[in-house]
Amino acid sequence: ARRGTATAAAPRAVGCGDAAMNLLFIMADQLRWDHLGQAGHPRIATPNLDALARRGVRFERAYANSGVCGPSRMSFYTGRYPVSHGATWNRVPLSVGEVTLGEMLRGAGLSLALAGKTHVMPDHAGLARLELEGGRELATLLARGGFEEIDRYDGHRTPGGESGYPAFLRRHGYLSDDPWTDYVISAVDDDGEVVSGWHMRNVHLPARVREEHSETAYMTDRAIDYVERMGSKPWVLHLSYVKPHWPYVAPSPYHAMYGPDDCLPVVRGDDELANAHPVVAAYRRHEESQSFQRDECIRRVRPAYQGLIAQLDFHLGRLFDRMDRGGVLDDTFVVFTADHGDLLGDHWLGEKELFYEAVQRVPLVVVDPRREADATRGRVESRFAEAVDLVPTFLEALGVSAPTHRLEGASLVPLLHD
C-alpha cells in the first residue's frame with residue numbers, strides 16, 4: 001500500500017472550475033533527484049520548480065524504470081516496463097504493436113504535442129509488415145511514437161530536419177554548416193582557440209552561443225508559442241528538455257554561477273572497488289568513469305551541471321509566467337520529472353545505466369488544478385511512484401478510458417485527492 005506524510009503548507013485553491021483541463025508533461029534529461037532546492041540541495045537555486053512543488057505534490061520516492069534514456073522514456077510513454085515494451089536500450093525501436101499515450105489520447109479526440117526530445121525509434125520493419133509505410137498519416141504517427149511534433153529535438157548530436165533549431169541559429173548569425181557543434185557545445189579557451197564541450201575539461205568555459213539562443217531557451221520559446229497559439233482550446237503538451245544531459249557546457253552566465261564548493265560531496269569509498277561485480281568493474285573502465293574518478297573532472301563538471309539546472313528553472317519560470325498571464329496555468333495539470341539521473345563521479349562512475357539511487361531515483365512533481373486536490377498542495381509524498389504510473393495518471397486526470405489490460409502502473413490521482 002502507498003503511504004505518505006505531508007509537510008505543512010497552506011492549501012491554495014487552484015481549481016479549474018468547469019473549464020477543460022490542459023496537460024503539461026515536462027521532462028528534463030539526466031536530472032538527479034537531489035539537485036533541486038525542494039529536495040534539500042543547499043546551493044542550487046530552483047525557485048520556479050520549488051514554487052511548482054508548493055502548488056502540488058512532490059513524490060520523494062519516485063523512480064524511473066530504466067537508467068537509460070530510450071527504455072526509460074518508452075515506459076513513461078506506454079505505461080509499461082521495458083521487459084514488456086521491448087525497447088530495452090537506446091536505438092532499439094518501439095514495436096509498432098505498442099500503444100503509446102498519444103494514441104490513447106487520439107482515441108478520445110485529443111492530440112499529444114511534442115516540443116523537444118523523445119528518443120523514439122520507429123519500427124520500420126513492423127510498419128512495412130503491416131504495409132503502413134509510404135507517408136500515410138497513421139504511419140507517421142506510429143513512427144513518431146504518437147506525438148504531433150512541434151519541434152523534435154533529441155539533442156546530444158547535430159539536429160536534423162525534424163528540428164528548426166539549426167535554421168534558428170543561422171538566422172541569428174551562427175553561420176556554419178553545423179552551428180550546434182561549432183557554437184552551442186563549443187567554447188573559446190584562454191588562448192582564443194575554439195574548443196569542444198564534448199571534452200569535460202572545457203565545460204568551465206561559457207558556450208559560444210548566447211543564452212537566449214541556447215537549447216533550453218529555444219525549446220521553451222516553442223512551448224510558449226504553442227500554448228499561446230492554442231488560446232482557449234484544450235491542449236496536451238510534452239515539453240522535453242535535453243539538459244542537463246552532457247555535453248555539460250553552459251552558456252553565460254550559467255557556466256560560472258556555481259563553484260566546486262557549491263556542490264554536493266561525492267558519494268564513493270575505496271571499499272566499493274574491492275570485489276566489485278564484473279559489470280560494475282567494467283563500467284568503471286569506461287572513459288567517462290575514468291574521467292570522473294579524477295577530482296579535477298568532478299570540480300569542473302558538477303558546477304556546470306548545476307548551472308544548466310538553474311537555467312532550466314529560469315526558463316520554466318518564463319513559461320509558467322506566460323501561462324499565468326494568459327489565464328491557462330490554473331487550468332493545467334502539470335507534471336515535472338526526469339528520465340533518469342547522473343552519477344557525476346559517485347561510486348567511481350560516470351554516466352548512468354546502473355542501479356544506484358543517483359540514477360534510478362528521479363524528481364516528480366504533480367500539480368492537479370482541480371479543487372479535489374486542494375488539501376494536498378505542498379505535500380511531500382513518501383509513497384512509492386514510478387514512471388509507468390504516469391500514463392494511468394494522465395488518462396484518469398483527462399477522463400480518458402484506460403486500457404487497463406495493457407497498463408502496468410497505477411494512477412497517482414488518488415494520492416493527489418487523498
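A residue is termed buried when its relative accessible area is under 20%, exposed when over 50%, and partly exposed in between (1.4 Å probe, protein chains only). By this criterion threonine 118, at 0% relative accessibility, counts as buried. The structure is a predicted model, in which local features need pLDDT of at least 70 and side-chain atom pairs count only at pLDDT 80 or more, whereas totals for chains, interfaces and linings use all residues. Residues are numbered from 1 along each chain as its sequence is written, and side-chain values use heavy atoms, with hydrogens and water left out.

Threonine 118 is placed in the loop between β4 (112-116) and α5 (124-129); helices (H or I, at least four residues) and strands (E, at least two) are DSSP runs, numbered from the N terminus. Neighbours within four places in sequence set aside, threonine 118 is in contact (heavy atoms within 4.5 Å) with Arg73, Met74, Tyr77, Phe147, Arg152 and Asp154. Polar contacts were defined as pairs of N or O atoms within 3.5 Å; within protein, one atom must be able to donate a hydrogen and the other to accept it, and residues adjacent in sequence count only if both atoms are side-chain atoms. Such a contact, of 3.3 Å, joins the side chains of threonine 118 and arginine 152. The side chain of threonine 118 also reaches the backbone nitrogen of valine 120, at 3.1 Å. The C-alpha atoms of threonine 118 and valine 96 are separated by 16 Å, the two residues being 22 residues apart along the chain.

Arginine 377 is buried, with a relative accessible area of 3%. A polar atom of the arginine 377 side chain lies 2.8 Å from the backbone oxygen of aspartate 368, and the backbone oxygen of arginine 370 is 2.9 Å from a polar atom of that side chain.

Side chains of opposite charge can pair when their charged atoms come close. With a salt bridge taken as a side-chain nitrogen of Lys or Arg within 4 Å of a carboxyl oxygen of Asp or Glu, the count comes to 29 salt bridges. In one of these, aspartate 29 pairs with arginine 73, the closest N and O atoms being 3.9 Å apart. This pair links distant parts of the chain, with aspartate 29 in strand β1 (residues 22-29) and arginine 73 in helix α2 (residues 69-78), 44 residues apart. Both aspartate 29 and arginine 73 are buried. Another salt bridge is formed by glutamate 149 and arginine 144, with closest N and O atoms 3.5 Å apart; arginine 144 is partly exposed, at a relative accessible area of 32%. Between arginine 383 and aspartate 418 the corresponding separation is 2.7 Å. Arginine 383 counts as buried at 11% relative accessibility, whereas aspartate 418 is partly exposed, with a relative accessible area of 46%. Salt bridges with shared partners join Asp29, Arg73, Lys117 and Asp339 into one network.

Aromatic rings were also examined. Rings of Phe, Tyr and Trp (its six-membered ring) pair if their centres lie within 6.5 Å, and planes under 30 degrees apart count as stacked, over 60 as edge-to-face and the rest as tilted. The count by this rule comes to 13 aromatic pairs. Among them, phenylalanine 25 and phenylalanine 76 form a tilted pair, 6.3 Å centre to centre with 45 degrees between the planes. Phenylalanine 25 lies in strand β1 and phenylalanine 76 in helix α2, so the pair ties together parts that are 51 residues apart in sequence. Phenylalanine 25 and phenylalanine 76 are both buried. Tyrosine 153 and tyrosine 165 form an edge-to-face pair, 5.4 Å centre to centre with 70 degrees between the planes. These two tyrosines are likewise buried, and Tyr153, Tyr165, Phe168 and Tyr218 form one aromatic cluster.

The structure holds zero disulfides, a disulfide being a pair of cysteine sulfur atoms within 2.5 Å. The sulfur of cysteine 263 is 12 Å from the closest cysteine sulfur, in cysteine 297, too far for a bond. Cysteine 263 counts as buried at 16% relative accessibility, as does cysteine 297 at 9%.
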